[in-house]
Amino acid sequence: MIERVAARPQAVWLNEDGPGATVRAQVEAASKQGRTAVLVAYFIPHRDCGAYSAGGARDAAQYRAYIDDFAAGLGATGAYVIVEPDAVAHMVAGCKGAAAGERYELLAHAVRTLKRVPNTKVYLDAGNAGWIPDERRLVGPLRAAGIAAADGFALNVANHYTDAASTAYGHRLVRALGGGVRFVVDSSRNGNGPYVGVDAWCNPPGRALGTPPTTRTGDASLDAYLWVKRPGESDGTCRGGPKAGQWWPEYALGLARRAKDQPPGA
């Protein structure tokens, strides 16, 4: 049963200082298997606005050094890079302690620096279909954060909105941005859609694995379904879970049991 999780390609999150060596190792390992690495830059100052995944760089200078080292590790083989889940949407919704101008400048630096590396696809995170319902509120912040230099934006990272809901929202955001932008969707845990209840985002019960990772989406604006959030890793210490990012085998098994697709080779 757990092979439904283990056999699927998943993103690697880089959430500490000096990521270059790990980036290089992941890109090279993926290349040897004929695959493309999916990496997540997750070190913005005031990360998660002090919630379960709090942390990140101590200041702007440390963050710029982190991004420069990240880019140096990429090489020219190619990778998908998701830039700072929640960072833009948090600012739109309100993020105590973080200065909008500095955050957007740092995100723009990240996008520009990573995009200079040949064959690297860069997607700036844009939240999910339920967080900022009026997608027009994201337009100015995404532009300030460098969306014009990116390949596009990422949706639904670590969340549970269905492919249909995420895609519809993505198309609305593309139009609001004036077109010419593409997006990816995190489908790792959205097989049963969102939970309705308190803290619906945090280790919600009854969820299931979603669409396996693929670039065959049938949608000209949707580049890929990716498993950005690693299924089975806790969202935080809610509902009896371990710390954010730690493996929770019981939760992983529940996601796998409720998955509607069959494991590879079945």
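**Entry 1: the largest cavity.** I classed the lining of the largest cavity and found five nonpolar, one polar and two charged residues. The model is a predicted one. I then listed the lining by name: Ile44, Pro45, His46, Ala98, Ala99, Glu102, Arg103 and Leu106. The space within the largest cavity is about 40 Å³. My count of cavities of 30 Å³ or more came to one.

**Entry 2: the largest pocket.** I turned next to the open spaces. The largest pocket holds about 750 Å³. I recorded 31 residues in its lining, with Tyr42, Ser53, Asp86, Ala158 and Asp235 nearest the centre. By class, the lining of the largest pocket comprises 15 nonpolar, nine polar and seven charged residues.

**Entry 3: the second largest pocket.** For the second largest pocket I noted a volume of about 560 Å³. Its lining has 22 residues, and Pro9, Gln10, Arg35, Thr36 and Val38 are the closest to its centre. I looked up which elements give two or more residues to this lining, and they are helix 2 (20–32), strand 2 (37–41) and strand 7. Helix 2 gives the most, with three residues. I divided the lining of the second largest pocket into 12 nonpolar, seven polar and three charged residues.

**Entry 4: Asn190.** I located Asn190 in the loop between strand 6 (182–186) and strand 7 (222–226).

Key:
Residues numbered from 1 in each chain as written. Predicted model: local features only at pLDDT ≥ 70, side-chain atom pairs only at ≥ 80, totals over all residues. Heavy atoms only, no water. Helix = DSSP H or I, 4+ residues; strand = E, 2+ residues; numbered from the N terminus. 1 Å grid on protein atoms, 1.4 Å probe; cavity = no way out; pocket = protein on both sides within 12 Å on 5 of 7 lines; lining within 4 Å. Points joined across faces, edges and corners; volume = space filled by probe spheres on them. Nonpolar A, V, L, I, M, F, W, Y, C, P; charged D, E, K, R; others polar.
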